[in-house]
Structure formats: structure tokens, C-alpha cells
Amino acid sequence: MENFFELLWQPFRDFWAGLVGFIPNFLAMLIIIAAGFFVAWVVKAVLSKAFSALSFDAWCDRAGLTAMARKANVWSKPSDIMLKVVYWFLAVVFAMIGLTALRLQAIDSLTMQFFTYLPRAFSALLILIIGYVITGFVSRAVLIAAVNAGYRYAKLLAEAVRMLLIVLILAMALEQLQVAPGIVVAAFSIIFGGIVISLAIAFGAGGIEAARKVIEKSSEEKKESDRDIEHL
Amino acid sequence: MSDFYQTDIITTLHRLGTPRLERLEYELEGFTKQRPMTLVLPALYTEFQADAIKGIIEELKKVRYVKEIVLSLGRASDDEFDRAREFMSAIPYDVKILHNEGKRIKEVYATIDRNGLWAGEDGKGRSAWLAYGYVMAAARTDVIALHDCDIVSYSREMLARLCYPVVNPNIDVVFCKGFYSRVTDRMHGRVTRLLITPLIRALQKLVGGHDFLAFLDSFRYPLAGEFCMITDLAWVNRIPWDWGLEVGVLSEVFRNYSPRRVCQVDISDNYEHKHQSLSADDASKGLMRMSVDISKTIFRVLAAEGVVFSENFFKSLEVGYLRLAEDTMVKYEADATLNGLVYDRHEEAKAVEAFVKAIYKASQVLLENPLNTPLIPSWKRVSSAIPGVLDMLRAAVDEDNR
């Protein structure tokens, strides 16, 4: 009978022992998360002052980043968007660190995955930002060059170049994020290859006459030069 | 108007014979295929509660040559904006409403502001300027016509006559201003009759022959709020946000284009809209504020043209103006008597006295700070400071109208 009662109590004792062992971990998690929010708040306040001093919003306006956000129907100030991103990034990082304090295997492996994925996300973001700047620069250069050359469809050409570069950059960013990399690379190869082949066919078929003239002209020039009298 | 007199340097297009609206509209439909047109309507929400706008919308519903209407709505809440949209939905072609008090447009203003440019205070000038920005961002039309939304006597013939000279490539003008008389049982338009014309002529006496003064004097109704222009003009024009708007627009047209490409057109036999009180003792409201702002604008343009102003100049100007204004009153009294109109000489004399005060106040403002200009920067200037601003504006308007 005594054994039976022991059998009944044992799970409760185990549970209590587990709970007593878990509470410090849980408290540690809460403290780390709270500290994370505090650090995020401090960083946000400091960054807010820095953005204001550096006229970050005006810089974004001039760089065209604000217009890009507006096209995506985001109407907050660029500095506010940035501050929110930094705040929640820090909060999430601290939350992940806090979760490891629970010492649960499933959460530990999730946290590990999160931290190993961070550099990739950061690289993808950099690719997008630098790519956007380069895209703007190249399409503008194409537009100016085409307009100066008197090309009638200059704007269309510049837009086409811009779209092509955006596709390239998006593919690079997605590849970096390892989002269905096989599909991304295949899709990109098909689209990019398709465009290049279309252009090649269009120019090739349309340019047969022009190419023949160029070749004929160069061969005639060669014959002419063969007939030249060489003076000793 | 019964005469066919051509004023000094700009072209005047009169109402002669019995012009047929159907012919004008038929031709406009053809011309606007090559030169599509936008009608800009600056309006306050309070105007949607009045009767005039109902008549305007009824008339605009019948117009077939306007590609789109851009209504720049001021002082409206989000609910009022929705009601205005519903109201305008009766028009069978594209209508875009700019919600000046909406969060997106406010953010556009904030963006302009933080880049060291200022779009001015809320008012007709800023509303019209923003609407021009949207028209250029949308890039669908080549011609912009503008009129107010408080015209009680509106007919679509006004619009047809106003835009015809700019839309018709054979006439080839870049800017066309409407003119009309404002008569009920008496003559209205005190600021034009008793301030602007005598002031310009008094200035001509002191300064001598000056191209800008001759240009301004050529307009029969320089304060008319109805005009039509090519879109390029909206790109380079800097317009005042205060009551100097109409004169400021004329000064920019004068600065950027030859007067040979400017005209005025008789758009209506009679024109009726709301009347302003004189407010002679308070220079911050009513016709007094309008008079101060207009005088300031004229003085500032002349200063920019190289005219040197001084205390003594303005003393002579006030005396010269007063004499000319009194002479003008005599002429209008005779005109009113002949036509059987009421003419309150005392009220007119009080208005002239108030306008003298307005000229004095404007002169003091100019002498204290000649660089204090209430001009909204041109879209060319704004776009060079913030390259994506027009895209941003377009996104804001399109999203508000979705």
C-alpha cells in the first residue's frame, strides 16, 4: 500500500523538482528578453538622434529610397522605418538568446538556425540596397546615352535595362537567402537566357542585310587594297 | 462684350456674333486627341455643401473633350473626402481627387519641407500647385485648364472658350486667361476696378514705360481665376501661395514666355461667384488682405525687374494712386448711371481709402524685407532636390483614390 502511495506521489515530486529547476531558467529568459527590449529602446533613441543630426530622411529622399517605399505604399518617414527595423531586430535577437536560457533542445536548434541564417539575410539586404543604387545609375546612364544618340525609344530601353537588372538582383538576393535556390537559378537562367536569345534572334534576323553590307564593304576594301600599287 | 478692341501687347479674343458651343466642342474633341487636356479644380469641402458645385458637375458631365479632372480638395476630413469622391463619381471620365489633409499628401509636404523647400500655407495657390505636380507625374496630358468651384453662373461654354486657344495648334498660345464682367444690379470686382488698374497706371507714371506693367495692364481682368496653359509652364512656374496668386502667375508667364504667345478670352457675358467683405480695419482678412498681398506681389516683381523703391517713391505712389482711383470712380459712376445700375459712391470711396492703406502696408513689408517672398518653388526645383517626388505624389494620389 505504501508503495502504491509512493507511486502516486512520485510524478508530483518529479514535476515539482522539474518546475523548481525550470523557474531560474524561465526567469533568466524573461530578464534577457526585458534587457533586450531595453537595449533596443536605448539604441533606437540614440539612432533617432543620429538620424536627425545626419538628415537621414533628406538623404533617403534624394537617393530615391523614400519614393521606392512610397511605391510600396509605405508612408512612414524613412528614419521611422529604419528605427522600427533596428528595434525589432534587436528585440528578436535578444528573444532568441533568452529562449536558449530555457535549455530546451528544440529551441536551441531553432536558435542556432536563426543565428546561422542572419549573415545570409544581411548579405541579401546589402545586395538589394547596392543593387538598387547600381540599377538606378545604369538605367539613367543608358537613358542619357540613348537620348544623346537620338534613339527614339530611349525611355523604353532604359526601363528594359532597369527591369533586367532588377530581375538579376532579386535572383541574387533570393539565391543568397537559399529560398528554393534550384528554382530561382533555373527561373533566372530561363528568363535571362530567353531575353538574350530573343535579342540575338531579333538583331540577327533584322540585321542580315546590314551585316551583309558590312561584310561586303570590308571584303571590297580588302580587294581595293590588294590592287594598290606598291612603290618601292 | 460688344467691341473688338485689341489691348496693348497680348491677344484679346472677344465674344463676337453668336458663337456656337457645339462647333467649339466638336473641334475641341479633335484637337484634344493630339493635345489631351486636364481640368484642375481647386476646392474646399465647404464648396461641396453649396449649390454652385452641383451646377458645375452637371455641366462637366456633358463635356467630352476633357481627359481627366484633378480636384485638389482642401480642409476635408477622411469622411468628407469620401463624400466628395462619391459626389464626383457622377462624372463619366477620369476624376482624381487630391486629399490635401490626408496622411499621404501630408507626408509629401513633409518630404518637401525637410529638404529645405516650403510648399507654402494652405490655400488655392498650394492646392493648384499640387494638382499641377500630379498632372505632370501622371504625364497623360499636355494642357491644363483651371477654374474655381464657386461659380454660380457656370456653363460649359466657359470651359470650351477658355481652353480652345491653347488646345488649337493653329492659335499657338501657351497661356490663356479668361475675362468677363461681374455685374448684378451693380458692378462687382472692386479690387480689379479700383486697386489693380489705378495702381498699375500710377506705377507707370512713376516708373515710366515698363514691359511688365504694360503686360499686366493688357489684361482686362487680371484677377480672373480661370486660365488654361500648356503643361510645360506648370513645370517652371513659381507661384505665390497667398492672394498674390493670380498676379504672380502672370508675372511668371511674363518672365518665361513672349507676350505674343499669351492671350485673354471673353468666357462669359456675366460671371457670379461669392463676394468678399472689405474688412477695411483688418489687414489680415477679406479684401484688405487680398489687396496687401497683390500689391506686395506687384512691387516684388518690379523690384526683381530692377525698379528701385524707396519711402519717397511709395509716398508719391500713394498720392498718384489716390488721384487715379478717384478719377476711375467717376468713370464707373457714369457707366453705372448709363446702364441703370446701383452705384454706391460712398462705399467705393471707402474701398479706395482702404486700398491706400493696403498699398502702404505692402510697401512697408517690401522695404523691411525685400527677399521675403511667398513663392512656392517650381516643380523643376523640387524635382531636382528630391528626384522621386513626383512618383511619390502620384503614388499618394493613386492610393487615396483606389
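Modeller: The largest nonpolar core has 127 residues. Those with the most contacts inside it are Leu71(B), Leu98(B), Ile144(B), Ala145(B), Cys163(B) and Cys228(B). This is a predicted model, in which local features need pLDDT of at least 70 and side-chain atom pairs pLDDT 80 or more, while totals for chains, interfaces and linings use all residues. Residues are numbered from 1 along each chain as written, and chains are lettered from A in the order in which they are written.

Biologist: What makes a set of residues a nonpolar core?

Modeller: The set must consist of buried Ala, Val, Leu, Ile, Met, Phe, Trp, Tyr and Cys residues joined through C-beta atoms within 7 Å. Buried means 20 or more other C-beta atoms within 10 Å of the residue's own; 12 or fewer is exposed, and in between is partly exposed, with C-beta atoms placed from the backbone.

Biologist: Which residues does Leu71(B) contact, leaving aside neighbours within four places in sequence?

Modeller: Leu41(B), Ala43(B), Met88(B), Val95(B), Ile97(B) and Leu98(B). Contact here requires C-beta atoms, placed from the backbone, within 7 Å.

Biologist: Why is Arg156(B) called partly exposed?

Modeller: Arg156(B) has 18 C-beta neighbours inside 10 Å, so the residue counts as partly exposed. Arg156(B) is in helix 6 (residues 156-167) of chain B; helices are DSSP runs of H or I, at least four residues, numbered from the N terminus. Not counting residues up to four places away in sequence, Arg156(B) touches Glu59(B), Leu60(B), Lys62(B) and Val63(B).

Biologist: How do you know that the length of helix 6 of chain A agrees with its residue count?

Modeller: The expected span is 1.5 Å times one less than the number of residues. For the 23 residues of helix 6 (residues 154-176) of chain A that gives 33 Å, and the end C-alpha atoms are 33 Å apart, so the two agree. The buried residues of this helix are Ala158(A), Ala173(A) and Gln176(A), and they pack against helix 5 (105-148) of chain A.

Biologist: What makes helix 5 of chain B roughly perpendicular to helix 15 of chain B?

Modeller: Helix 5 (residues 124-138) and helix 15 (residues 389-400) of chain B pack at about 100°, with their axes 9 Å apart. Therefore the pair is roughly perpendicular, the class for 65 to 115 degrees; under 35 is roughly parallel, over 145 roughly antiparallel, and the rest oblique. Axes are lines fitted to C-alpha atoms over the stretch in contact, with angles from 0 to 180 degrees between N-to-C directions.

Conventions. Contact = placed C-beta atoms within 7 Å. Helix = DSSP H or I, 4+ residues; strand = E, 2+ residues; numbered from the N terminus.
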